[in-house]
Amino acid sequence: MWYVMDVALRDEETQKKGVLIINNMAGASRDSMNRNAIQGVLHSLQNLIPVRLGGIRLFNQPWFFSWIFPVVSMFMKAKLRERIRVLGTDYAALGEWCEPPSIPEQLGGQLAWDHEAWIKIAP
């Protein structure tokens, strides 16, 4: 996440308009919900990464997310908490914030995203 944000922030338009983080949680396990990792991400988003955060959209959250998220959200600043939407499988809702060419195909959009290929060509 930090590398992606660093690359995104090199773009002046992104600096002005901000970012929308889309997290497809399909396949997440309880083991991937490591306390230290969660704390690191929250601390970075709230205090370290100089980004205009338009919002965070979470999809395909696992069954146990409903009891982890309320606990985790207690440690978030109100501004961040207000920008998070848990959408489950309601992919159409993403259209309220993004145009279809910017939405990954797995979430009902038109963007053919290959993260590994992007890493190879990213500056």
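**Notes on a predicted model**

1. Ala 92 sits in the loop between β3 (84-88) and α6 (115-121). Ala 92 counts as exposed because its relative accessibility is 66%. In this note, exposed means over 50% relative accessible area, buried means under 20%, and partly exposed lies in between, with a 1.4 Å probe and protein chains only.

2. The basis of the note is as follows. This is a predicted model, in which local features need pLDDT of at least 70 and side-chain atom pairs count only at pLDDT 80 or more, while totals for chains, interfaces and linings use all residues. Residues are numbered from 1 along each chain as its sequence is written, and side-chain values use heavy atoms, with hydrogens and water left out.

3. Gly 95 is partly exposed, at a relative accessible area of 44%, whereas Gly 108 counts as exposed at 64% relative accessibility.

4. Ala 92 and Gly 109 are 17 residues apart along the chain, and their C-alpha atoms are separated by 8.8 Å. For Gly 95 and Gly 109, which are 14 residues apart along the chain, the separation is 8.6 Å. Gly 108 and Asn 36 are 72 residues apart along the chain, and 32 Å lies between their C-alpha atoms.

5. The protein chain as a whole has six helices and three strands. Read from the N terminus, the order of elements is α-α-β-α-β-α-α-β-α. The radius of gyration is 15 Å, close to the 14 Å that the globule rule gives for 123 residues, so the chain is as compact as a globular protein of that length. That radius is taken over C-alpha atoms, and the rule is 2.2 Å times the number of residues to the power 0.38. Along its principal axes, the C-alpha trace spans about 35 × 30 × 30 Å.

6. Of the 123 residues in the protein chain, 35% are buried. Among contacts with a separation of 6 or more, 77% come from residues 24 or more positions apart; a contact means heavy atoms within 4.5 Å.

7. Which elements do the buried residues of α3 pack against? They pack against α1 (2-8), β1 (19-24), β2 (53-59), α4 (65-73) and α5 (78-82). The buried residues in α3 are Leu 42, Ser 44, Leu 45 and Gln 46. Helix α3 (residues 35-48) has 14 residues and reaches 18 Å from its first C-alpha to its last, close to the 20 Å expected at 1.5 Å a residue. The expected span is 1.5 Å times one less than the number of residues in the helix.

8. Thr 14 and Val 19 can be read as a pair. Thr 14 lies in helix α2 (residues 12-17), and Val 19 lies in strand β1. Thr 14 counts as buried because its relative accessibility is 17%; Val 19, at 15%, also counts as buried. Leaving aside neighbours within four places in sequence, Thr 14 is in contact with Ala 8 and Val 19. With such neighbours again left aside, the contacts of Val 19 include Met 5, Thr 14, Val 51 and Arg 52. Val 19 and Ala 37 are 18 residues apart in sequence and 21 Å apart in space, C-alpha to C-alpha.

9. Is Asn 60 buried or exposed? Asn 60 counts as buried, with 18% relative accessibility. This residue is found in the loop between β2 and α4. Asn 60 has a positive phi of about 55 degrees, although it is not a glycine.

Methods
Helix = DSSP H or I, 4+ residues; strand = E, 2+ residues; numbered from the N terminus.
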